[in-house]
Amino acid sequence: MSTEDKRLDEPDWDLDPKFDFVDAHRLPFSKDEVSLKEIDTECSGPFEGKDHGRAFTRAANIEIRDLQYRMYTEGKQSLLIVLQAPDAAGKDGLIRKVLGQMNPQGCRTYPFKVPSSEERAHDFLWRIHKATPAAGKVSVFNRSHYEDVLVVRVEDLVPKSVWKDRYEIINDFEKLLAHRGTRILKFYLHISPREQLERFKKRLDDPTKHWKLNAGDYAARDKWGDYREAYEDAMAKCHSKIAPWHVIPADKKWYRDASVAAIVRDTLRDMDPQLPKIDADLDEIRRLYERELEEMNE
Ligand code: AMP
Ligand code: MG
């Protein structure tokens, strides 16, 4: 840990608690169905409270940055992080506080909005494929190809005969990415309707957040059940060892950040990126350096 990141006044928290965040939040592979109602939107995991969770996130972020930098220098593997959630569940906050802390040399965030007319004139994966991470890189998707089986399905933007085939197409697409060496982590930020309403109120009360307000977000609340079903189907049909879904209890912002940071950190640890072996003759380079130094000091 570098001194600038160290909080000297921090109590002696356990910043690497023995808790399997993947096991706690990854959907099981043994079930064909997903029921979001049965999954809590609130959780504290192994943490004593908010301060402990935040200290953990700071420490995990430092390790994530270090491992991601190794991956960048290694230039072989890549990581794709997909974020999906109802409005105000905290995708932006999570990106700001965790995923956006990575070195921008090797990491980029892609927000996917309502498709442009050019995007709509292509297949639904056209804009997505262009944003997938190259070797050594990380891509963070703020919304994703899953919108094409979520909002598109609930709002009836294309007929069922079109969207129903997309699950299989998505599975094949994710297989293709994995085949190239891309690890895929998918996160659903799970909040309760009550917590969402409270966050909408905070947006109303804070002029710097007014730009986020949108009457459509209230309309989507009326369709909460339809969205939940669409999410449950998407997660059940597109959950695999190469591209697993994690349901993150997101009513507590600090737990959302800490648990995603833990899962990303543990995944990067498992990928174990290595600094590249160098071909250069270090003895020769050291000799050249010493000669220059001598000449400068003469
Ligand atoms: P936000 O992420 O809150 O800025 O909003 C982006 C909006 O774009 C959301 O309402 C999404 O549902 C919508 N969106 C993203 N992808 C698609 C898509 N493929 N088709 C239709 N709407 C989409
Ligand atoms: Mg929005």
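Colleague: Which strand holds Tyr188?

Modeller: Tyr188 sits in strand β4, which runs over residues 182–190. Do keep in mind that this is a predicted model.

Colleague: And why is Tyr188 called buried?

Modeller: Buried means under 20% relative accessible area. Tyr188 has 4% relative accessibility, so Tyr188 counts as buried. Leaving aside residues up to four places away in sequence, Tyr188 touches Leu36, Gln84, Ala85, Pro86, Tyr231, Met235, Trp245, His246, Val247 and Ile248.

Colleague: How far from Tyr188 is Leu83, in sequence and in space?

Modeller: Tyr188 and Leu83 are 105 residues apart in sequence, while their C-alpha atoms are 6.2 Å apart. For the chain, residues 24 or more positions apart account for 82% of the contacts with a separation of 6 or more.

Colleague: Let's move to Ser78. What makes Ser78 a buried residue?

Modeller: The cut-off is again under 20%. The relative accessible area of Ser78 is 0%, and therefore Ser78 is buried. Ser78 belongs to strand β1, residues 78–84. Among the residues that Ser78 touches are Met71, Pro133, Gly136, Arg180 and Met271.

Colleague: What makes the pair of Ser78 and Thr182 a polar contact?

Modeller: A polar contact needs a pair of N or O atoms within 3.5 Å, and within protein one must be able to donate a hydrogen and the other to accept it. The side chains of Ser78 and Thr182 make such a contact at 2.9 Å.

Colleague: Why is Asp272 called partly exposed rather than buried or exposed?

Modeller: Partly exposed is the range between the buried cut-off, under 20%, and the exposed cut-off, over 50%. Asp272 has 45% relative accessibility, so Asp272 counts as partly exposed. Asp272 is in the loop between α12 (253–271) and α13 (282–297). Its phi is near 50°, a positive value in a residue other than glycine.

Colleague: Where is Arg143, and what is its phi?

Modeller: Arg143 lies in the loop between β3 (138–142) and α6 (151–154). Phi of Arg143 is near 70°, also positive in a residue other than glycine.

Colleague: Which residues are around ligand 1?

Modeller: They are Asp87, Phe112, Lys113, Val114, Pro115, Arg127, Arg143, Glu147, Asp148, Val151, Val152 and Leu157. By type, that shell has six nonpolar, no polar and six charged residues.

Colleague: How far is ligand 1 from the polar atoms of Arg143, Val114 and Asp148?

Modeller: An N or O atom in the Arg143 side chain is 2.6 Å from an oxygen atom of ligand 1. For Val114, a backbone N or O atom lies 3.2 Å from a ligand 1 oxygen atom. With Asp148, a polar side-chain atom is 3.2 Å from a nitrogen atom of ligand 1. Taken alone, ligand 1 exposes 500 Å², and the protein buries 76% of that.

Colleague: Which residues does the UniProt domain annotation cover?

Modeller: The unreviewed UniProt entry places "domain: Polyphosphate kinase-2-related" at residues 50–274. Over that stretch the chain is 52% helix and 14% strand.

Colleague: And for the chain, how many helices and strands are there?

Modeller: There are 13 helices and five strands. Of the 298 residues, 43% are buried. The accessible surface of the chain is about 16700 Å², with 49% belonging to carbon and sulfur atoms.

Note on methods: Residues numbered from 1 in each chain as written. Chains lettered and ligands numbered in written order. Predicted model: local features only at pLDDT ≥ 70, side-chain atom pairs only at ≥ 80, totals over all residues. Heavy atoms only, no water. UniProt positions renumbered as here; feature names shortened; annotations may be inferred. Helix = DSSP H or I, 4+ residues; strand = E, 2+ residues; numbered from the N terminus. Near = heavy atom within 4 Å. Areas by Shrake-Rupley, 256 points an atom, 1.4 Å probe, with all protein chains shown as cover. Nonpolar A, V, L, I, M, F, W, Y, C, P; charged D, E, K, R; others polar. Buried < 20%, exposed > 50% of the residue type's maximum accessible area, 1.4 Å probe, protein only. Contact = heavy atoms within 4.5 Å.
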